[in-house]
Amino acid sequence: MGTVKRKWEFISMYSIGAYESWLSDLAARGLFLKKFGFMSGIFEKAEPAQVEYRIDISKERLSKDRIVMYEDCGWKYIATNKWVHVFCAAAGTQTTEIHTDAREQGFTLVELTRMLSILMPILAILISVEIAGCGYMLFMGGTPFLNIISNGESIMIMAFSMLLLFFVLLKQFFDIRSLKKSLFSGKAINHHASWKKHKYYNNVVMLISLSIIAVSLISQGFLASHIIRAVTNTDRVTMTAQTTLPCLRLSDLENLDDAVAIKEFSVINDAADKDGTVNDIPGDTLFWRSSITTESSLMAMTQFEARESAATSDESYASGLDTKYYKLTFAGMADGTLHDLMKKDLNFYTEEMMLDVNITKMDFDGLDIVYTAKAHDLLFVFASKGNIVVSMQYYGTKNEPELIAALAKKLNEN
Amino acid sequence: MPFESGPMTEAMYYVLLALINPNHGYQLMNSIKEVSKGRVNMGPGTLYGVLSRMLKEGLIIVIDDDGRRKTYAITPEGKNDLLQEYIRLMSLVEDGENLKGVLEDGNS
């Protein structure tokens, strides 16, 4: 027995003439089919030979008497995959063709086309639902840009894989149907049909599939490692005063020099007596709490959300800064992302608290676009510079121009 | 006619004709060649497809199966359909009688 070699198939087994001709050409190069599956075939290496291959389609398993009948005519059975059976004969040894009547051969495709005719509309519905799901994920909450940034890869991978699968199956269905028609019209299969164009088509499909897999791997693996690099000297959930962020920190706006960093404000409550007085902690002690969540996606490699707040235990002073930062892959998405951020961040105040929040567009040196808004004692700034988009919610001692100036200075430093 | 797709195909006609005498696959192919005076050389795939369809339609039955080969025979329904087809073909030929003159003129 010669060496066994696995070869990724380029020709669909349902393109009968081209597949037969491809197998014959491989045999002429010394590769003889042993087994075949959906995307690959196992070939045995031997001396090159002229071999004719024939494909027979039938839903039923091959019976012994059928194999004997074919053998009696010089056709040796090789392998079966689902409905497809392959036979071969050394050129000149067969006494007759397997199929001598095109119309009768057409009947062998009737069951298959009938099954596919039922399957294709079901598949079309399933894929439409899937695509609609992708559309919903994209437009959910009326913030398509933010959705693309957070779920863009999975939406893209899901939609493209589904469309590709459907396209491949649809083409196969139409190929089989047109072959059936051609057989019924009396035109026999060309057993030496060119398989080159099938190879090109399948190469394109293969390339698209590999691209989808590559995008999927990048978004799963590479991005995971990027998250760790995205914010330096930072573990993923907590910040210290030394944490470096490419954006404003609360300590840039408020004096937190003497603040005590804590994980949760509940620490203060835990230390308090039932009457609310705090044991051993002076009332003017300043506590500072911060956390950061980092994300990464193909549309915004660096993203983080930083939440910082500071307060004294006697509540005589409080300040806070929540920042969302996106370094977009495409600067063209900046404006749309800003609008989505405005919608998302202000939604609570406009929709749930029914507040009338006025958004003002401002021009500011060093920033491309700036929008500001106020709700209660909260100051909102939405700004972009190049491909960087920032949304901030702030309460504290600084006013609007000071906050924007500090942001512009920080963004221009980086 | 029990078969759904219009007139009997040539392959069906010859298989039924050859099965007037029960036979198994390979011999049946030779018998078809013989009965058609060498004109129809039926391949095993075509023969097997026709046999499967006609078995389902009850036009033929398996009368022996030794594990390697099955022997088929025509049923009364099969005989009836074969005769109907023969009559249909005869009337086709009769209707084309006037072509004889055309053919003779063409040959002369």
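Does Ala18(A) count as buried or exposed, and why? Ala18(A) counts as buried because it has 25 C-beta neighbours inside 10 Å. The criterion is that a residue is buried if 20 or more other C-beta atoms lie within 10 Å of its own, exposed if 12 or fewer, and partly exposed in between, with C-beta atoms placed from the backbone.

1. Basis of the note. This is a predicted model, in which local features need pLDDT of at least 70 and side-chain atom pairs count only at pLDDT 80 or more, while totals for chains, interfaces and linings use all residues. Residues are numbered from 1 along each chain as its sequence is written, and chains are lettered from A and ligands numbered from 1 in the order in which they are written.

2. Chain A overall. Chain A has ten helices and 14 strands; helices (H or I, at least four residues) and strands (E, at least two) are DSSP runs, numbered from the N terminus. Of the 414 residues in chain A, 29% are buried. Among its contacts between residues at least 6 apart in sequence, 67% join residues at least 24 apart; a contact requires that the C-beta atoms of two residues, placed from the backbone, lie within 7 Å.

3. Domains of chain A. Chain A is divided into domain 1 (4–99), domain 2 (110–230) and domain 3 (250–413), with bounds that come from an automatic or database domain assignment. Between domain 1 and domain 2 of chain A, the C-alpha centres are 28 Å apart. Their contact involves 15 residues from domain 1 of chain A and 17 residues from domain 2 of chain A. On the domain 1 side, helix H1 (16–28) and strand E4 (51–57) of chain A each supply at least two residues, and H1(A) provides the largest share, six residues. By class, that side has eight nonpolar, four polar and three charged residues. Here Ala, Val, Leu, Ile, Met, Phe, Trp, Tyr, Cys and Pro count as nonpolar, Asp, Glu, Lys and Arg as charged, and the others, Gly among them, as polar.

4. Surroundings of Ala18(A). This residue lies in helix H1 of chain A. With neighbours within four places in sequence left aside, Ala18(A) is in contact with Ile11(A), Ala193(A), Ser194(A), Trp195(A) and His198(A).

5. Strand E6 of chain A. Five of the seven residues of strand E6 (residues 84–90) of chain A are buried. E6(A) pairs with E4(A) in the antiparallel sense over seven bridges; strands pair if DSSP finds at least two bridges between them. Within this pairing, Val51(A) has Ala90(A) as its bridge partner. E6(A) is also joined to strand E5 (residues 76–81) of chain A by five bridges, and these two strands run antiparallel. The hairpin of E5(A) and E6(A) has two residues between the strands, and Lys82(A) there takes a positive phi near 55°.

6. Sheet of chain B. Three strands of chain B form an open, antiparallel sheet in the order E1-E3-E2. Strand E1 (23–24) and strand E2 (60–65) of chain B stand at the edges with a single partner strand each, so one side of each lacks a neighbour in the sheet. Two bridges join E1(B) to strand E3 (residues 70–74) of chain B, and Asn23(B) has Tyr72(B) as its bridge partner.

7. Helix H2 of chain B. The buried residues of helix H2 (residues 25–35) of chain B are Gly25(B), Leu28(B), Met29(B) and Ile32(B). They cover an arc of only 105° around the axis, which puts them on the same side of H2(B); the arc is that of the directions from the helix axis to the C-beta atoms. These residues pack against helix H2 (64–72) of chain A together with helix H1 (10–18), E1 and helix H3 (44–56) of chain B.

8. Contact between the chains. The contact takes 18 residues from chain B and 21 residues from chain A. On the chain B side, H3(B) gives the most, with seven residues.

9. Helix H4 of chain B. Gly78(B), Asp81(B) and Leu82(B) are buried in H4(B). Its buried residues fall within an arc of 100°, so they line one face of the helix. They pack against H1, H3, E2 and E3 of chain B.
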